[in-house]
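Please open the model in your viewer and keep the selection panel at hand. The tour below moves from one selection to the next and says what is to be found at each stop.

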Amino acid sequence: MKKIEAIIKPFKLEPVKEALVNAGIHGMTIQEVKGFGRQKGHQEVFRGAEYTVDFLPKVLITIIVEDNIVDDVIEVITEEGRTGNIGDGKIIITEVQQIVRIRTGEKGEAAVKS
């Protein structure tokens, strides 16, 4: 199993989420996060004072999937999350050692499936 973490622009959350659900992914965790990469921040003016916003709002989607669908999930997120501009985000894939469904005690892939 793999954990897929996708950091995307906030306005891309709904299209990405809908595409993932249509692709058969029904469990995901969403977090509002802030960060920056090459995009850096931007200048804003508030009450006449100019300041730099270093950390930009992003959304972090976390999904645990079986190994055989990782490439499909990456493709869905890439297609729906892309704007073509700097700051579109990243997808990080890591190995999952074990997963346990708390309610039933199911382990492994059984804990991931609906």
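Begin by selecting Glu14, which is partly exposed with a relative accessible area of 41%, where buried means under 20% relative accessible area, exposed over 50%, and partly exposed in between (1.4 Å probe, protein chains only). This is a predicted model, in which local features need pLDDT of at least 70 and side-chain atom pairs count only at pLDDT 80 or more, while totals for chains, interfaces and linings use all residues. Residues are numbered from 1 along each chain as its sequence is written, and side-chain values use heavy atoms, with hydrogens and water left out.

Lys17 counts as partly exposed at 31% relative accessibility. Both Glu14 and Lys17 lie in helix α1, three residues apart, about one turn of the helix; helices (H or I, at least four residues) and strands (E, at least two) are DSSP runs, numbered from the N terminus.

Next, stay in α1 and select Leu13, Val16, Ala19 and Leu20, which are buried. Seen down the axis of α1, these buried residues fall within an arc of 140°, so they line one face of the helix; the arc is that of the directions from the helix axis to the C-beta atoms. They pack against β1, β2 (29-35), β5 and α2, with contact meaning heavy atoms within 4.5 Å. Just after α1, Gly24 takes a positive phi of about 100°.

What does Val73 touch? Not counting residues up to four places away in sequence, Val73 touches Ile4, Leu20, Ile25, Ile63 and Val65.

For the last stop, select Lys2 and Glu95, whose side chains meet in a salt bridge (2.7 Å, N to O). Lys2 lies in strand β1 and Glu95 in strand β6 (residues 90-95), so the pair ties together parts that are 93 residues apart in sequence. Glu95 counts as partly exposed at 49% relative accessibility.

Methods: Salt bridge = Lys/Arg side-chain N within 4 Å of Asp/Glu carboxyl O.
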